[in-house]
Amino acid sequence: MCGIVGYIGYEQAAPFLLKGLEKLEYRGYDSSGICLNDGSELVVKKAKGKLEELKKLTDNGRALSGTVGIGHTRWATHGEPSDVNAHPHLSESGRFAVVHNGIIENYLQLKEYLISKGVTFRSMTDTEVIAQLIEFYYKGDLIDTVIKVLSRLDGSYALGVISVDDPDRIIAVRKESPLIIGIGQGENYIASDVPAILAKTKRIYRLENNEIAILRRDSIKIINTDREEVKKQEETISWTIDAAEKGGYEHFMFKEIMEQPKVIHDTISPRIRNGRVVLDEISLTPEQLRSFRKINILACGSAYHVGVVAKYIFEKLLRIPVEADLASEFRYRDPIVDDKTLTIVISQSGETADTKEAMKEAQRRGSHVISIVNVVGSAIATESDDVIYTWAGPEIAVATTKAYSAQLAVIYLMAIFFGDLLGTIDEKQYGYYVSELLTIPDKISQILENSTQVQYLASKLFNSKDIFFIGRNIDYALSLEGSLKLKEISYIHSEAYAAGELKHGTISLIENGTLVIALATHEPLIAKTVSNIREVQTRGANVLCLACDDHKELADVAQSTVFIPKICDMMLPSLAVVPLQLFAYYVASAKGCDIDKPRNLAKSVTVE
Ligand code: G6P
């Protein structure tokens with residue numbers, strides 16, 4: 001979703017702003033723009049489409065002078081992607097410029113009010129009202145004015161504001177949308193996310209809701225809306241710049257697929273001590289944990305798919321009813337949740353608006369929330385009751401791979417931990433699960449070493465028009481992710497079906513040559529899935545089957561078969577997902593798609 005970057009220092013700002021925006025491209029965008037204070041006026045350059053357009057327009061920023069500036073990548077919500085709707089937005093006289101991430105819910109009332117006072121608008125955006133309101137209320141003190149404007153806004157926002165009358169300051173504000181402040185030497189920065197400023201500094205402040213940062217070249221002051229100073233804890237980013245670079249790979253997605261053995265190791269190993277799962281992060285007493293009657297999992301996209309896998313695992317191991325819910329549906333259906341419900345929220349970014357609001361709804365109803373989050377200090381991480389971090393490092397490709405895998409690893413840790421506590425698994429099972437868990441990184445490495453078979457299959461099958469993923473039980477849960485991965489980056493229509501459900505409708509879509517990807521790893525139901533494979537083959541389907549090494553006979557069933565190493569049943573998705581990720585990647589690559597930045601998608605969805 002939209003990306004913000006800002007610079008105040010002694011160097012030419014525009015080249016830095018463009019480089020920063022490049023690092024935020026992963027968030028998803030359809031236009032971009034920058035605004036510089038050149039000493040006498042605010043100069044704005046904007047362009048629809050890729051950042052390349054803006055770079056061409058400004059000679060990579062070299063054509064624009066000024067040592068103070070703000071930049072933005074826009075993911076259109078209000079108004080089509082266009083030059084005029086791109087940010088930064090200027091006030092009518094051009095004295096104030098604003099970049100914004102989020103949505104101003106009452107912008108229409110504010111716009112009508114300002115129009116009735118004679119203000120002329122240029123764009124269709126909600127953001128322009130902020131720039132216009134600043135000018136409308138301005139009486140000489142920019143901070144007072146910004147505070148007054150904030151009191152008029154409903155919705156979510158991260159803002160960067162500059163003024164031609166105030167050439168030595170950037171004002172930054174945050175409410176519900178992420179914004180960090182980078183601390184430099186003789187220069188300071190604002191950004192939606194760390195990669196944008198990592199080349200300059202690792203020292204940051206994370207703004208919290210309703211905090212206002214006033215950046216000068218040599219100082220940063222953070223205040224609240226009563227103008228009282230807020231003392232912030234400085235944070236040092238631990239990851240290196242390499243972590244946010246492609247490191248020799250053609251795409252971030254491929255690099256992140258290859259990183260999975262490491263991130264799973266990093267996520268599980270600190271939490272297994274002397275053979276025991278230790279989840280110090282959970283603040284509840286064993287009695288409280290035993291009192292839950294239901295588990296509620298809330299998430300969106302791939303994180304939701306982890307929730308669906310978790311439902312199968314938790315119900316089997318813990319014998320507690322589990323509901324995996326799409327966060328966007330949960331909050332509006334008057335959910336039955338109380339203090340006897342444990343809520344688990346899953347989010348890579350920790351900023352997904354639907355997930356965050358669903359979490360708050362669960363908390364309002366008395367539920368204790370444990371979040372599984374990748375981004376340290378993000379909103380969901382800080383606002384949940386307990387947080388278990390996935391140690392996946394920065395994930396840049398829009399299509400998640402390593403974060404999904406790290407989230408699954410946390411689910412296994414939780415299943416073992418709770419199973420022990422509730423007495424639903426015995427010591428023998430406990431030891432077995434822990435030892436199996438520790439084998440995941442090596443087994444994934446084996447799959448990655450043999451990726452050429454998947455590459456070959458992708459090169460044969462990339463012209464498919466429709467692809468159906470089928471599976472039963474945990475294989476079905478995984479097929480949801482396999483299908484999403486493929487369609488989001490290759491634009492091939494695909495659907496995931498519970499294999500037994502296919503004959504109740506969708507089988508009518510199977511024609512001669514339709515590709516069906518059958519997941520048959522879940523031992524107890526392999527024979528049933530084989531029957532479903534036969535059903536579709538009879539109707540002409542070309543079946544690619546994913547199976548475990550100890551079921552080589554499946555090679556005689558399907559037209560092609562990919563084998564993965566054997567592991568205990570509940571951990572199969574961690575291995576089986578890897579060939580599916582690779583298949584999606586190689587198909588998209590064969591089709592020449594923009595793999596890391598698929599059209600219309602955003603990495604961090606901070607609007608509802
Ligand atoms: C977006 C991304 C998905 C992601 C989902 C949830 O739609 O494109 O890849 O799974 O948001 O994101 P989160 O950061 O909450 O895991």
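Helices (H or I, at least four residues) and strands (E, at least two) are DSSP runs, numbered from the N terminus. The model shown in these views is predicted.

**View 1. Arginine 227 in the loop between β13 and β14.** Strand β13 covers residues 220–223, and strand β14 covers 235–236. Arginine 227 is found in the loop between them. The phi angle of arginine 227 is positive, at about 65°. This residue is not a glycine.

View 2. Proline 88 sits in the loop between β4 (68–74) and β5 (89–90).

**View 3. The shell around the ligand.** The surrounding residues are Cys300, Gly301, Ser302, Ala303, Ser347, Gln348, Ser349, Thr352, Val398, Ala602, Lys603 and Val605. By class, five are nonpolar, six are polar and one is charged. Helix α9, residues 301–318, gives the most to this shell, with three residues. The ligand takes up the space of the second largest pocket.

View 4. For serine 349, a polar side-chain atom lies 2.6 Å from an oxygen atom of the ligand. Glutamine 348 uses its backbone instead: an N or O atom there is 2.7 Å from a ligand oxygen. Taken alone, the ligand exposes 390 Å². The protein buries 89% of that area.

**View 5. The aromatic pair of tyrosine 7 and tyrosine 189.** A pair of aromatic rings is described by the distance of the centres and the angle of the planes. The count for this model comes to 13 aromatic pairs. In the pair shown, the ring centres of tyrosine 7 and tyrosine 189 are 6.0 Å apart and the planes meet at 45°, so the pair is tilted. Tyrosine 7 belongs to strand β1 (residues 3–8) and tyrosine 189 to strand β10 (residues 188–191), so the pair ties together parts that are 182 residues apart in sequence.

Note on methods:
Residues are numbered from 1 along each chain as its sequence is written. This is a predicted model: local features need pLDDT of at least 70, side-chain atom pairs count only at pLDDT 80 or more; totals for chains, interfaces and linings use all residues. Side-chain values use heavy atoms; hydrogens and water are left out. A residue is near a molecule or strand if one of its heavy atoms lies within 4 Å of it. A polar contact is a pair of N or O atoms within 3.5 Å; within protein, one must be able to donate a hydrogen and the other to accept it, and residues adjacent in sequence count only if both atoms are side-chain atoms. Accessible areas come from the Shrake-Rupley method with a 1.4 Å probe; for residues, only the protein chains shown count as cover. On a 1 Å grid over the protein atoms alone, a cavity is a set of points where a 1.4 Å probe fits but cannot get out, and a pocket is an open set with protein on both sides within 12 Å along at least five of seven lines; lining residues have an atom within 4 Å of a point. A molecule sits in a cavity or pocket if more than half of its atoms lie within 2 Å of its grid points. Ala, Val, Leu, Ile, Met, Phe, Trp, Tyr, Cys and Pro count as nonpolar, Asp, Glu, Lys and Arg as charged, and the others, Gly among them, as polar. Rings of Phe, Tyr and Trp (its six-membered ring) pair if their centres lie within 6.5 Å; planes under 30 degrees apart count as stacked, over 60 as edge-to-face and the rest as tilted.
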